[in-house]
Amino acid sequence: MKNTLKIQRAIHSLTQEELANKVGVSRQTINSIEKGKYIPSTSLALKISLVFCQSVNELFQLEEND
Amino acid sequence: MEKLTLLPYRFKKYAWIGLFAFLVATIIIKISGVDLSEDTKELLKNILQSGILLCLLTLTIAAGKQEDELTIQIRIKAFTNAFIFGVGFTAIVPFANLLFDGEFNLQSRFELLLMMFAVFFISYYSIKKKTE
(Lines give C-alpha, C1' and ligand atoms only; values in the text may rest on other atoms or scores of the structure.)
Protein backbone atom coordinates (compact mmCIF):
# COMPACT_ATOMS: atom_id res chain seq x y z
CA MET A 1 0.00 0.00 0.00
CA LYS A 2 1.42 3.37 -0.94
CA ASN A 3 0.59 6.66 0.69
CA THR A 4 1.12 10.38 0.29
CA LEU A 5 1.75 11.09 3.95
CA LYS A 6 5.21 12.54 3.46
CA ILE A 7 3.97 14.90 0.76
CA GLN A 8 0.99 15.98 2.84
CA ARG A 9 3.24 16.55 5.82
CA ALA A 10 5.47 18.76 3.73
CA ILE A 11 2.48 20.69 2.38
CA HIS A 12 1.18 21.29 5.91
CA SER A 13 4.68 21.93 7.28
CA LEU A 14 4.37 19.27 9.91
CA THR A 15 7.15 17.16 11.34
CA GLN A 16 6.63 13.44 12.03
CA GLU A 17 6.63 14.25 15.74
CA GLU A 18 3.93 16.92 15.36
CA LEU A 19 1.72 14.64 13.26
CA ALA A 20 2.27 11.82 15.75
CA ASN A 21 1.17 14.06 18.63
CA LYS A 22 -1.94 15.16 16.71
CA VAL A 23 -3.10 11.60 16.08
CA GLY A 24 -1.88 10.10 19.34
CA VAL A 25 0.80 7.67 18.20
CA SER A 26 4.59 7.59 18.36
CA ARG A 27 6.90 9.23 15.81
CA GLN A 28 8.19 5.75 14.92
CA THR A 29 4.68 4.69 13.92
CA ILE A 30 4.33 7.66 11.55
CA ASN A 31 7.77 6.86 10.14
CA SER A 32 6.79 3.20 9.59
CA ILE A 33 3.57 4.24 7.83
CA GLU A 34 5.43 6.65 5.55
CA LYS A 35 7.94 3.97 4.61
CA GLY A 36 5.09 1.55 3.88
CA LYS A 37 6.27 -0.90 6.54
CA TYR A 38 3.10 -0.58 8.57
CA ILE A 39 -0.50 -0.28 7.43
CA PRO A 40 -2.47 1.81 9.94
CA SER A 41 -5.80 0.78 11.43
CA THR A 42 -8.96 2.35 10.01
CA SER A 43 -9.30 4.66 13.01
CA LEU A 44 -5.71 5.90 12.70
CA ALA A 45 -6.09 6.38 8.95
CA LEU A 46 -9.24 8.42 9.59
CA LYS A 47 -7.49 10.54 12.22
CA ILE A 48 -4.63 11.24 9.79
CA SER A 49 -7.10 12.11 7.04
CA LEU A 50 -8.79 14.61 9.38
CA VAL A 51 -5.46 16.32 10.07
CA PHE A 52 -4.81 16.78 6.34
CA CYS A 53 -8.48 17.42 5.41
CA GLN A 54 -8.27 14.67 2.79
CA SER A 55 -10.17 11.45 2.33
CA VAL A 56 -8.49 8.17 3.33
CA ASN A 57 -8.61 7.10 -0.33
CA GLU A 58 -6.58 10.13 -1.31
CA LEU A 59 -3.96 9.45 1.36
CA PHE A 60 -3.69 5.69 0.95
CA GLN A 61 -3.81 3.79 -2.33
CA LEU A 62 -3.82 0.07 -2.91
CA GLU A 63 -1.04 -1.37 -5.06
CA GLU A 64 -1.34 -4.29 -7.47
CA ASN A 65 0.02 -6.84 -5.00
CA ASP A 66 -2.28 -5.71 -2.16
CA MET B 1 -7.12 -1.58 16.93
CA GLU B 2 -8.15 -3.24 20.18
CA LYS B 3 -6.16 -2.10 23.17
CA LEU B 4 -4.20 -4.62 25.21
CA THR B 5 -4.50 -4.45 28.96
CA LEU B 6 -0.94 -3.86 30.10
CA LEU B 7 0.72 -2.86 33.34
CA PRO B 8 1.85 0.78 33.59
CA TYR B 9 5.33 1.63 32.30
CA ARG B 10 6.77 2.02 35.83
CA PHE B 11 6.40 -1.75 36.34
CA LYS B 12 9.24 -2.25 33.83
CA LYS B 13 11.61 -0.59 36.30
CA TYR B 14 10.36 -2.73 39.20
CA ALA B 15 10.73 -5.87 37.07
CA TRP B 16 14.35 -5.04 36.17
CA ILE B 17 15.18 -4.37 39.82
CA GLY B 18 13.52 -7.63 40.87
CA LEU B 19 15.21 -9.61 38.12
CA PHE B 20 18.60 -8.19 39.08
CA ALA B 21 17.99 -9.00 42.76
CA PHE B 22 16.93 -12.59 42.03
CA LEU B 23 19.89 -13.16 39.72
CA VAL B 24 22.34 -11.75 42.26
CA ALA B 25 20.76 -13.93 44.98
CA THR B 26 21.11 -17.00 42.72
CA ILE B 27 24.78 -16.26 42.05
CA ILE B 28 25.51 -15.59 45.77
CA ILE B 29 23.89 -18.88 46.81
CA LYS B 30 25.80 -20.77 44.09
CA ILE B 31 29.24 -19.36 44.91
CA SER B 32 28.97 -18.98 48.69
CA GLY B 33 28.89 -22.73 49.19
CA VAL B 34 26.59 -22.43 52.21
CA ASP B 35 25.78 -25.85 53.61
CA LEU B 36 22.01 -26.18 53.27
CA SER B 37 19.77 -29.18 53.58
CA GLU B 38 18.37 -30.64 50.35
CA ASP B 39 14.86 -29.44 51.24
CA THR B 40 16.04 -25.88 51.84
CA LYS B 41 18.04 -25.93 48.59
CA GLU B 42 14.99 -27.13 46.67
CA LEU B 43 12.79 -24.49 48.32
CA LEU B 44 15.29 -21.70 47.58
CA LYS B 45 15.63 -22.90 43.98
CA ASN B 46 11.85 -22.86 43.50
CA ILE B 47 11.48 -19.40 45.07
CA LEU B 48 14.26 -17.94 42.92
CA GLN B 49 12.93 -19.55 39.73
CA SER B 50 9.40 -18.31 40.41
CA GLY B 51 10.75 -14.84 41.18
CA ILE B 52 12.73 -14.72 37.94
CA LEU B 53 9.70 -15.93 35.93
CA LEU B 54 7.40 -13.36 37.57
CA CYS B 55 9.86 -10.55 36.79
CA LEU B 56 10.15 -11.68 33.17
CA LEU B 57 6.36 -11.88 32.90
CA THR B 58 6.08 -8.35 34.30
CA LEU B 59 8.61 -7.16 31.69
CA THR B 60 6.53 -8.67 28.87
CA ILE B 61 3.19 -7.26 30.02
CA ALA B 62 4.37 -3.82 31.12
CA ALA B 63 3.62 -1.08 28.62
CA GLY B 64 6.44 0.59 26.73
CA LYS B 65 7.24 4.29 27.04
CA GLN B 66 4.98 5.04 24.08
CA GLU B 67 2.43 2.31 23.51
CA ASP B 68 0.34 2.62 20.37
CA GLU B 69 -1.27 0.38 17.76
CA LEU B 70 2.07 -0.47 16.11
CA THR B 71 3.66 -1.65 19.37
CA ILE B 72 0.47 -3.59 20.21
CA GLN B 73 0.66 -5.38 16.86
CA ILE B 74 4.35 -6.15 17.39
CA ARG B 75 3.60 -7.41 20.91
CA ILE B 76 0.85 -9.71 19.62
CA LYS B 77 3.19 -11.13 16.94
CA ALA B 78 5.90 -11.73 19.54
CA PHE B 79 3.40 -13.44 21.90
CA THR B 80 2.27 -15.64 19.00
CA ASN B 81 5.85 -16.63 18.14
CA ALA B 82 6.58 -17.48 21.79
CA PHE B 83 3.37 -19.54 22.05
CA ILE B 84 4.08 -21.49 18.85
CA PHE B 85 7.65 -22.10 19.99
CA GLY B 86 6.45 -23.27 23.43
CA VAL B 87 3.94 -25.74 22.02
CA GLY B 88 6.38 -27.01 19.38
CA PHE B 89 9.14 -27.39 21.94
CA THR B 90 6.84 -29.24 24.38
CA ALA B 91 5.72 -31.60 21.63
CA ILE B 92 9.09 -32.28 20.00
CA VAL B 93 11.65 -32.31 22.84
CA PRO B 94 10.37 -35.51 24.52
CA PHE B 95 10.89 -37.35 21.21
CA ALA B 96 14.40 -35.89 20.90
CA ASN B 97 15.14 -36.96 24.47
CA LEU B 98 13.83 -40.43 23.70
CA LEU B 99 16.11 -40.62 20.69
CA PHE B 100 19.28 -39.45 22.46
CA ASP B 101 18.76 -40.30 26.15
CA GLY B 102 16.28 -43.13 25.94
CA GLU B 103 13.80 -41.27 28.16
CA PHE B 104 10.52 -39.78 27.00
CA ASN B 105 10.44 -36.61 29.11
CA LEU B 106 10.47 -32.82 28.90
CA GLN B 107 13.08 -30.53 30.40
CA SER B 108 12.00 -28.50 33.40
CA ARG B 109 9.11 -26.04 33.10
CA PHE B 110 11.54 -23.29 34.12
CA GLU B 111 13.79 -23.88 31.11
CA LEU B 112 10.80 -24.09 28.78
CA LEU B 113 9.35 -20.81 30.06
CA LEU B 114 12.75 -19.11 29.98
CA MET B 115 13.09 -20.07 26.32
CA MET B 116 9.57 -18.84 25.59
CA PHE B 117 10.45 -15.48 27.16
CA ALA B 118 13.65 -15.41 25.12
CA VAL B 119 11.66 -16.03 21.92
CA PHE B 120 9.23 -13.27 22.94
CA PHE B 121 11.97 -10.68 23.54
CA ILE B 122 13.97 -11.62 20.43
CA SER B 123 10.80 -11.48 18.28
CA TYR B 124 9.60 -8.22 19.84
CA TYR B 125 12.84 -6.31 19.35
CA SER B 126 13.64 -7.76 15.91
CA ILE B 127 10.15 -6.99 14.54
CA LYS B 128 10.35 -3.50 16.10
CA LYS B 129 13.73 -2.93 14.47
CA LYS B 130 12.41 -4.13 11.09
CA THR B 131 9.38 -1.84 11.11
CA GLU B 132 11.33 1.28 12.09
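Following the chain along its sequence gives the pattern α-α-α-α. Keep in mind as you go that this is a predicted model. The predictor's scores for the complex are an ipTM of 0.84 and a pTM of 0.86. For chain B, pLDDT averages 90, and 98% of the residues score at least 70.

**Stop 1: the outline of chain B**

The trace spans about 50 × 40 × 20 Å along its principal axes. Its radius of gyration is 18 Å, whereas a compact globule of 132 residues would have one near 14 Å.

**Stop 2: a helix pair in chain B**

Next, select residues 38-61 of chain B, which form helix α2, together with residues 109-131, which form helix α4. Their axes come within 11 Å and cross at roughly 20°. At that angle, which is under 35 degrees, α2(B) counts as roughly parallel to α4(B). The crossing of these two helices is left-handed.

On α2(B), pick B:Gln49, B:Leu53, B:Leu56 and B:Thr60. Facing them in the contact, α4(B) supplies B:Phe110, B:Leu113, B:Phe117 and B:Phe120. Colour this set by residue class and you get 6 nonpolar, 2 polar and no charged residues.

**Stop 3: a helix pair in chain A**

Move over to chain A and select helix α2, residues 16-23, then helix α3, residues 27-34. The axes of α2(A) and α3(A) are 8 Å apart, and the helices pack at an angle of about 110°. That puts α2(A) roughly perpendicular to α3(A), because angles from 65 to 115 degrees fall in that class.

Show the residues that make this contact: A:Gln16, A:Glu17, A:Leu19 and A:Ala20 belong to α2(A), while A:Arg27, A:Thr29, A:Ile30 and A:Asn31 belong to α3(A). By class, the contact holds 3 nonpolar, 3 polar and 2 charged residues.

**Stop 4: where the chains meet**

Finally, display both chains and select the residues in contact across the interface. You will pick up 10 residues of chain A and 7 residues of chain B. Leave α3(A) highlighted from the previous stop: this helix gives 4 residues, the largest share of the side of chain A that touches chain B. Coloured by class, that side of chain A shows 3 nonpolar, 6 polar and 1 charged residue.

Conventions
Residues are numbered from 1 along each chain as its sequence is written. Chains are lettered from A and ligands numbered from 1 in the order in which they are written. This is a predicted model: local features need pLDDT of at least 70, side-chain atom pairs count only at pLDDT 80 or more; totals for chains, interfaces and linings use all residues. pLDDT is the predictor's confidence in each residue, from 0 to 100. Two residues are in contact if their C-beta atoms, placed from the backbone, lie within 7 Å. Ala, Val, Leu, Ile, Met, Phe, Trp, Tyr, Cys and Pro count as nonpolar, Asp, Glu, Lys and Arg as charged, and the others, Gly among them, as polar. Axes are lines fitted to C-alpha atoms, for helices over the stretch in contact, and angles run from 0 to 180 degrees between N-to-C directions. Angles under 35 degrees count as roughly parallel, over 145 as roughly antiparallel, 65 to 115 as roughly perpendicular and the rest as oblique. A crossing is left-handed if the near helix is turned anticlockwise from the far one by less than a right angle, and right-handed if clockwise. The radius of gyration is taken over C-alpha atoms; the globule rule is 2.2 Å times the number of residues to the power 0.38.
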